[in-house]
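Here are a few notes to read alongside the model. I've kept to the spots I'd want pointed out to me on a first look.

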Amino acid sequence: IWTGSQHKDYPCWLAGVNISHALGTETAWSFDMSALCGSMMAGMEVAKSLILSQERYKTILLVSGYRDADIVDFKDPETSFLFDLGAGGAALILQKNCNKNLVLSTAFKVDGSFSEGCVVPYGGAKNWPMQEQDVKKMHMTLQEATIFKEKLRQNTMPNFYAVIREALTNAGLTQQDINYLAILHFKRSAHMAALEELGLNENQTTYLDEYGHIGQNDQVLSIEIGLKGNKIKTGDNIVMTAAGLGFVWSAAIVKWGKIEEIKK
C-alpha cells in the first residue's frame, strides 16, 4: 500500500504498483491511499483491518516517499510553516501472527473546513486547462492566510491530544502508560508543549530538527532513532501521532517487543 505523498513522479499515477513490480511481488496487488501526513497511521489501520478480516492477507507492506518541498515557494512568507520540509522515505511491514510490535489501536479526527485552506491552486481539475503563466503558481498557497492560521492555532494541539487519548482509551491504556512519543516534526515550542501536556520528558521522544518534516515518514524515523538511542525497550507503549493538511489528526499505539518477552 502506497502511503506516501500524492506529489508523485506523475499525476494520476499509482506509485504502489510501480514499487510492487520493482520488488518482484508479482502475486501481490497494490493500491495508493492518502491522509497526507497522517497516511502512515491510516495505512496501519487499513492494513490491520485487512489482515484481521480476511484469511488470505498475511503480509502487507506500507511504503512511503515524500518530496513536498518541491511544491513550496520559499519566497512566500505566508507558507513559512512549510519551510522545514525535508525529503525521504519509510516502510513498515504488518504481518498476521507476527507476535511482536503489536498495533494495539488507532484514532482519527478530521476537520474538512480546512480542506481548501492550503492548496496548490493550479495543476488540478479546478483550474484546467493550465495556462503558460500558471506553471509558476504551482506551489502551496494559503487561500485566506489570517483565518487559516488562527483556526490552526486554535485546533491543532487540542486535536492532537484528543486522538492520542482516544487511541490510549481504545487500547485500554492511560496517559501515564506512554513510554515514547513518535510525533511529527513541527516548531519546537509546539513539541515542548506536547511533552508537557502528556507528562513526558525529552528522553521519551525525538525532536527531528536535523531532518525536518518528512511528511508521513516522521513517526517511523522517530522510532528508528529512539531504538538506536535506547529510548525504546521491550514492553514500551509507543504513541505515533501526526496531522495532515486537510485536516486529519491521527494516532496509533504500538506495544514494542516480542510478546513472550513482554509477558516475562
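A term to start with: buried means under 20% relative accessible area, exposed means over 50%, and partly exposed is in between (1.4 Å probe, protein chains only). Bear in mind that this is a predicted model, where local features need pLDDT of at least 70, side-chain atom pairs count only at pLDDT 80 or more, and totals for chains, interfaces and linings use all residues. Residues are numbered from 1 along each chain as its sequence is written, and side-chain values use heavy atoms, with hydrogens and water left out.

1. Start with isoleucine 93, which sits in strand β2; strands (E, at least two residues) and helices (H or I, at least four) are DSSP runs, numbered from the N terminus. Isoleucine 93 counts as exposed because its relative accessibility is 57%.

2. Most residues other than glycine have a negative phi, and most peptide bonds are trans. Leucine 36 has a positive phi of about 50°, in the loop between α1 (15-23) and α2 (39-53). Leucine 36 counts as partly exposed, because its relative accessibility is 32%.

3. Asparagine 97 is not a glycine either, yet its phi is positive, about 55°. Look for asparagine 97 in the loop between β2 (88-95) and β3 (100-110); at 65% relative accessibility, it counts as exposed.

4. Where are the cis peptide bonds? One runs from tryptophan 128 to proline 129, with omega near 5°, and proline 129 lies in the loop between β4 (118-119) and β5 (141-142). Another joins glycine 246 and phenylalanine 247, at an omega of about 15°; phenylalanine 247 is in the loop between β7 (237-244) and β8 (248-258).

5. Last, is glutamine 204 buried or exposed? Glutamine 204 is buried, because its relative accessible area is 18%. You'll find glutamine 204 in the loop between α4 (188-198) and α5 (218-228). Leaving aside residues up to four places away in sequence, glutamine 204 touches Ile178, Asn179, Tyr180, Leu181 and Gly199 (contact means heavy atoms within 4.5 Å).
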